[in-house]
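Biologist: I would like to learn how to read a few features of a protein model. Could we go through them one at a time?

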Amino acid sequence: MAESNARDAMISINEARHVVLAHVEALPSERVSLLEALGRVAAAPAASDMDVAPFAHSAMDGFALCAEQIEAASEDAPVHLRVIAEIGAGSIYEGPIGQDECVRIMTGAELPKAADSVVKYEIVGVVSGDGKPGSVVSFTEPCKVGSNVRPAGEEAHAGDVILQAGDVLGAAGMGCLASCGVTEVDVFRRPRVAIMATGSELVPPEQVPGPGHIRESNSQAMAACVAEAGGIPHVLPIVPDTYEDLQHAVAGAVRDHDFVITTGGAANGDFDFIKQVVSDAGEVYMTQVNMRPGKAQTFGSVEGVPVFGLPGNPAAAYCGFQMLIRPALRKMQGYRALDLPRIRARLTQDVKKKDPRCILLRSVYAKAADGTYEVTPAKNQSSGLFGVIQRSNCMVVMPEGLVPAQAGDEVECILMDVPEETVL
């Protein structure tokens, strides 16, 4: 009985987050192509198979020479050199370069071993010819050794670790890995997430509801939330409000998925069965969270698979997902940053507080004229609405208790439009 009372106690959002994260682990790794790895977390280091670049090369179109050849050059006493060869990208010049000679070179072309610098084309005068081999060009200022030259191994040397386990792979990383000969990467597997709505009153979105029925929308929203979090959503059929139907659906879902989400039936009504189903088939860790919307939230495991029962009200399901499920799915993918960024912003209006729970107000934040942030909660905070969330970009956190807030007060805002890795 004591254990049952403990799991049914209402706990804070932070406590609930701790409970959920304590029962999920990073999934095994898989090897994928570079494009498939974009945005994912490396599970193992990767090293370069060669120096990158493998040779010193020109950073721009110009003339290759030794810096000492033009160290005395000036406007009054220009140095004239004869162009003896031309090197395009992919070509090489292995001959000598005399004291009065230079080589025309294109961007990316290998620097001749007889040269140590490149002078860009735009500041070189043409005395005779067209600047190509056989021409004479003039230099009116000296250059430093190594000017406009990218050295061999500038990006990496052979054997250098270019990707650490735990790194999040970005678009630039794809290019770096490719240049280092890495075409496949070990990353943490994306969780397969089953999503099913419960409710005998629900019909699919493509169906026109009859008397007493409504279109089911939670599963589409939750599937989108899963995809945004990096998971692989699988929307399962609507589950009628019976213990047997839900028990069968959950048992089937845990066989093929890494995480199971249900919506609806999370409270204590006559047709709310998720808590009982999870308890009978596995273990329940929590059932109530001190938040609004989203008080009734069941979390447990069946056959070792996390099962999360969200409320049926759209805003309650959405807030529960963002606060508790999203961090869990990210942990399963190896991400270190688990929480959405937060800022402090000034309220543009008074906010009353009649409920002692922690309240999450769907809101819009923006920069004020003075460069600071201000935030405006939506007028309609009904937990039954998705549209308000669509038009919001943050959630204002009103802490537990009954203390109201006045226009001009600074409040904490959870940003919904900024990735977890963002540093503000």
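Modeller: Leaving aside residues up to four places away in sequence, D350 touches A405, Q406 and A407, where contact means heavy atoms within 4.5 Å. This is a predicted model, in which local features need pLDDT of at least 70, side-chain atom pairs count only at pLDDT 80 or more, and totals for chains, interfaces and linings use all residues. Residues are numbered from 1 along each chain as its sequence is written, and side-chain values use heavy atoms, with hydrogens and water left out.

Biologist: Where does D350 lie?

Modeller: D350 is in the loop between β23 (342-347) and β24 (358-367). Helices (H or I, at least four residues) and strands (E, at least two) are DSSP runs, numbered from the N terminus. D350 and Q406 are 56 residues apart along the chain, and their C-alpha atoms are separated by 4.3 Å.

Biologist: How is a pair of packed helices described?

Modeller: Two packed helices are described by the angle between their axes and the distance between the axes. The axes are lines fitted to C-alpha atoms, for helices over the stretch in contact, and angles run from 0 to 180 degrees between N-to-C directions. Here, helix α6 (residues 243-256) packs on helix α7 (residues 274-281) at an angle of about 55°, with the axes 10 Å apart. That makes α6 oblique to α7; angles under 35 degrees count as roughly parallel, over 145 as roughly antiparallel, 65 to 115 as roughly perpendicular and the rest as oblique.

Biologist: Which residues make the contact of α6 and α7?

Modeller: Y243, L246, Q247 and V250 come from α6, and I274, Q276, V277 and D280 from α7. By class they divide into 5 nonpolar, 2 polar and 1 charged. Ala, Val, Leu, Ile, Met, Phe, Trp, Tyr, Cys and Pro count as nonpolar, Asp, Glu, Lys and Arg as charged, and the others, Gly among them, as polar.

Biologist: At what angle do α2 and α8 cross?

Modeller: Helix α2 (residues 13-22) and helix α8 (residues 314-332) cross at roughly 30°, and their axes come within 9 Å. That makes α2 roughly parallel to α8. The contact is made by I13, A16, R17, V20 and L21 of α2 with M323, L324, P327, A328 and K331 of α8. These residues divide into 8 nonpolar, no polar and 2 charged.

Biologist: And how do α5 and α8 cross?

Modeller: The axes of helix α5 (residues 218-228) and α8 come within 10 Å and cross at roughly 25°, which makes α5 roughly parallel to α8. From α5, N218, M222, C225, V226 and E228 meet P314, A317, Y318, F321, Q322, R326 and L329 of α8.

Biologist: How many disulfides are there?

Modeller: A disulfide is a pair of cysteine sulfur atoms within 2.5 Å, and by this rule the count is 0. C102 is in no disulfide, and the nearest cysteine sulfur, that of C143, is 11 Å away. For C225, the closest cysteine sulfur is in C319, at 10.0 Å, too far for a bond.

Biologist: Is C225 buried or exposed?

Modeller: Buried means under 20% relative accessible area, exposed over 50%, and partly exposed in between (1.4 Å probe, protein chains only). C225 has 3% relative accessibility, so C225 counts as buried. C102 is also buried, with a relative accessible area of 0%.
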